[in-house]
Amino acid sequence: LNELDQLNGITVENAAKDNLKNKMAKRRVIIAPDPRLNTVAEPIKTIDESIRRLISDMFEIMQAAKGAGLAATQIGINKRLFIMDLSSYIEEEIKPYVIINPEITYCSEETWIAEEGCLSFPEIKKISITRPENIKMKYLDEKGEQKEMQASGWLARCIQHETDHINGITMVHYVSKIKTDMISKKLMKLKKNNEV
């Protein structure tokens, strides 16, 4: 490092620390089986700059993985936060969603079955899950404003899927133990071979 760098407080030690911080900021989606995916997340008390950075990171990770939704717990952050961008899947859903501290306040008796995938379960065929057709939800947006939403169809399904994540529930909770064990063994093998 030259003299000017040293005057600015840049040392080899500080540069190494900054480099480590940058590496740590590069989070990845956690692949099941992993106990972190079964943890009930904590409410967010203050929406500050660190939360806004986290939201930005999550959108970057989700888009790189070509996902429609991502919960903070899927990248090892124990916060009640998830994001969604369904624009590639639903024509009329053009805006992304930031959902903080969600509370589903209503589920319809009408249900429907559809296949779901998950970024934490790569290389696994989609799983058929029965969910309510219509829901209502209260949540905070990224500005900390209280919001209410009614949703149906795929938007409602995505909200329920991501809410499951922050409640420590993954899609294998909806299948038999035999199938769950088969999925877990397959993913453990893929992880061992560095294939996911």
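The largest pocket in this predicted model has a volume of about 560 Å³. It is lined by 24 residues, and A68, Y89, G117, C118 and K126 sit closest to its centre. Two elements, β4 (111–116) and α4 (153–166), each give two or more residues to that lining. Helix α4 is the top contributor, with six residues. Sorted by class, the lining comes out as 11 nonpolar, seven charged and six polar residues.

While we're on α4, have a look at H161, which belongs to this helix. Is H161 buried or exposed? Its relative accessible area is 9%, so H161 is buried, the cut-off for that being under 20%. The H161 side chain makes a polar contact with the side chain of E116, at 2.8 Å. Beyond its neighbours within four places in sequence, H161 is in contact with G117, C118, R131 and M171 as well as E116. Two of those names, G117 and C118, also turned up among the residues closest to the pocket centre.

A32 and P33 are joined by a cis peptide bond, with omega at about -5 degrees. P33 lies in the loop between α2 (12–25) and α3 (49–64).

Then there are K66 and N194, non-glycine residues with positive phi:

| Residue | Phi | Location | Relative accessible area |
|---|---|---|---|
| N194 | about 55 degrees | segment after α5 (177–192) | 68% |

Key. Residues numbered from 1 in each chain as written. Predicted model: local features only at pLDDT ≥ 70, side-chain atom pairs only at ≥ 80, totals over all residues. Heavy atoms only, no water. 1 Å grid on protein atoms, 1.4 Å probe; cavity = no way out; pocket = protein on both sides within 12 Å on 5 of 7 lines; lining within 4 Å. Points joined across faces, edges and corners; volume = space filled by probe spheres on them. Helix = DSSP H or I, 4+ residues; strand = E, 2+ residues; numbered from the N terminus. Nonpolar A, V, L, I, M, F, W, Y, C, P; charged D, E, K, R; others polar. Buried < 20%, exposed > 50% of the residue type's maximum accessible area, 1.4 Å probe, protein only. Polar contact = N/O pair within 3.5 Å; in protein donor to acceptor, adjacent residues only side chain to side chain. Contact = heavy atoms within 4.5 Å.
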